[in-house]
Every structure is written in C-alpha cells, then in structure tokens.
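Here are some notes from going through the model. Have it open while you read, and check the points against it.

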Amino acid sequence: MGAWGPGLFSDDTACDVRDEYREMLEDGVDDDEATQRMLDSYADALDDPDEATSVWLALAVTQSKLGRLHPTVHDRAIAAIDSGTDLARWSDNPRLAAKRRDILEKARAQLTGPQPQRKKVRRPSRHVTDLQPGDVLSYRAANGNMALLRVARIDDERHSVAPVLVALDFTGTHMPSQPELDTLADKPETPFRLDGSPLPPWASASWRVAAFKRMNYDAAGFHHAGRTIARPGDPAFHTRTYTSWQLLPGELERNLRDAPATPEP
C-alpha cells in the first residue's frame, strides 16, 4: 500500500476500493453483491493490520456518501477507528497524526450520523473517438510551424475510447507529400530526468488524448491531414503521457516556439 498523506483516500488501497466499488454499482451490480465482492477481493488486505483500516473506511465512507452503508461495513469501520491501531502508524509524525485523528473523527461522525437517501449511480458517458490508426493530424503553431501527429492505435478504456498519438519527426510550414509522409520517422522521446533538471522541448512525443468537456480535436485546432502507413509495434504502443485536446495545443506551442520554420516551396 502506497500512502502519500493522512487523508482517507491518500493511499493506493483506499482509492482502489472506492473506484472498484463505484464501478460495480455503475455496472448495475446489486448493493449486497457489490459489498460481498469487495470483501472477497480484499480478503488478504483485511487480514493485514496496516491495510484493513484503509479498506473498511474507504468502503464505508463511499457507501455512506451514496446512501448504501452496509451494517457490517459500518460496524467494522467504526471498530477500526475506535481500536486506535490506525493512529499508531502515524506516531512518528505528531503533525500528521493530529491531521489523521481529525479525519478519523469526521469519518466516524459521518458513519454514525443520519445517512443520506440512496443515490442512483449511473455509468459516466464515454466519448468514443472517430479517429482510426494511421490517421494523421496537423497542428499549426502561432509562429507558423506545423506539427504532424499520427494515430498509432486506439486505446479503449472504461471512460473513453481515445487515440494514442505519436509526433512525427517533422518541422515545417507546409504538408509533405504522401511519399515523404510515409517515410517520416517518429520523434524520439526524452527520458525523464530524475535530477529535476528542465526537460527540453519534445520531451514527450506521444500522448493518449481524451476529449474533455466535449472538446474534440477539431475544436482544439487540429486538422485531419491524411493517413500514413502503420509502424512496427503500433498495436502494443504505450505512452507515458495522458492529456486532453484542450491541453495538447499548449504543449505543442512550446515545442514549436523555437523550431526553425521551413519556407513554403
């Protein structure tokens, strides 16, 4: 379990419990069955004193907010709080221990107080891209330079079906011919620097780009510029950078700001 703060959902296990439980409800799983599935799934964690409180509290607080607090989950969460075992984990840091104590007291008050009415949980809408592997998008920066991004593959996740884009190793002000386009290499990625030194432009040369607030690529200034050939490894291509159509233009503007512009022929 990775913890990064005293909050109820400031550790990996608690976040996973919350998200997995909600996803079950979104998929129409019955309340009791969803609870039992969670307890079965996290049986090992519930046997671990360091993780049990995170599981019980995350599940109890999530259920409470949705008006679905199960009696067994309620009782075990309260017992976990009252045992004091969780606070012992923070004993070496009095400041964080005090914050954790306040958080546990608020959680206890929420679980023992009046519960809200049962809320409907609907599966969130999912944007599905109309782009296809091999499509090429162009973006023209303020200085006239153009970036070309190809769709390596389509990533199908729970909340969106989004393109994984790879920047082509190209800088210019006009669209290359089809033979030139097909021979362009992918722009290389820059490894992350653990020493904290600034990364150069094009440190990220690939992105999973999702629609946010219904903004798609055309509204963000991208144009469908054609198609190009597939590259080896495209079906399994993995990017380390997730972004949205709103944010990607800003990154491309920075990347292209100092790039030499190639004049029109």
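Is S64 buried or exposed? S64 is buried, as its relative accessible area is 2%; buried means under 20%, exposed over 50%, and partly exposed in between, with a 1.4 Å probe and protein chains only.

1. Ground rules. This is a predicted model, where local features need pLDDT of at least 70 and side-chain atom pairs count only at pLDDT 80 or more, while totals for chains, interfaces and linings use all residues. Residues are numbered from 1 along each chain as its sequence is written, and side-chain values use heavy atoms, with hydrogens and water left out.

2. Back to S64. You'll find S64 in helix α4; helices here are DSSP runs of H or I with at least four residues, strands are runs of E with at least two, and both are numbered from the N terminus. Setting aside residues up to four places away in sequence, S64 touches L69, Q110, L111, Q115 and P116. Contact means heavy atoms within 4.5 Å.

3. Helix α4 itself. It covers residues 49-65, and at 1.5 Å a residue its 17 residues should span 24 Å; the end C-alpha atoms are 25 Å apart, so the two agree. The expected span is 1.5 Å times one less than the number of residues. Helix α4 is mostly covered, with 14 of its 17 residues buried. After α4 comes G67, with a positive phi near 70 degrees.

4. W56, also worth a look. W56 sits in helix α4 and is buried, its relative accessible area being 6%. Ignoring neighbours within four places in sequence, W56 is in contact with L39, L46, V73, R76 and A77. W56 and I81 are 25 residues apart in sequence, and their C-alpha atoms are 9.5 Å apart in space.

5. α4 against α5. The axes of these two helices come within 9 Å and cross at roughly 130 degrees. Axes are lines fitted to C-alpha atoms, for helices over the stretch in contact, and angles run from 0 to 180 degrees between N-to-C directions. That angle makes α4 oblique to α5: under 35 degrees counts as roughly parallel, over 145 as roughly antiparallel, 65 to 115 as roughly perpendicular, and the rest as oblique. From α4 the contact takes T53, W56, L57, L59, A60 and Q63, and from α5 it takes V73, R76, A77, A80 and I81. By class, the residues of the contact of α4 with α5 are 8 nonpolar, 2 polar and 1 charged. For the classes, Ala, Val, Leu, Ile, Met, Phe, Trp, Tyr, Cys and Pro count as nonpolar, Asp, Glu, Lys and Arg as charged, and the others, Gly among them, as polar. The crossing of α4 and α5 is left-handed, a term used if the near helix is turned anticlockwise from the far one by less than a right angle, with right-handed used if clockwise.

6. α5 against α7. How do the axes of α5 and α7 cross, and at what angle? Helix α5 (residues 71-83) and helix α7 (residues 94-112) have axes that come within 10 Å and cross at roughly 150 degrees. The two are therefore roughly antiparallel to each other, and α5 passes α7 in a left-handed crossing. On the α5 side the contact is made by H74, A77, I78, I81 and D82, and on the α7 side by L104, A107, R108, L111 and T112. The contact of α5 with α7 has 6 nonpolar, 2 polar and 2 charged residues.

7. α1 against α4. These helices pack at an angle of about 35 degrees, their axes 8 Å apart, and their crossing is right-handed. Helix α1 brings T13, A14, V17, R18, Y21 and R22 to the contact, and α4 brings E51, S54, V55, A58, L59, T62 and Q63. Those residues of the contact of α1 with α4 divide into 6 nonpolar, 4 polar and 3 charged.

8. D16. This residue is in helix α1 (residues 12-26) and is partly exposed, with a relative accessible area of 37%. D16 and P232 are 216 residues apart along the chain, and their C-alpha atoms are separated by 34 Å.

9. Two backbone spots to check. K213 is a residue other than glycine, yet its phi is positive, near 55 degrees. R214 is not a glycine either, and has a positive phi of about 70 degrees. K213 lies in the loop between β5 (206-210) and β6 (222-227), and R214 lies in the loop between β5 and β6 too. K213 is exposed, with a relative accessible area of 69%, and R214 is exposed at 84%.
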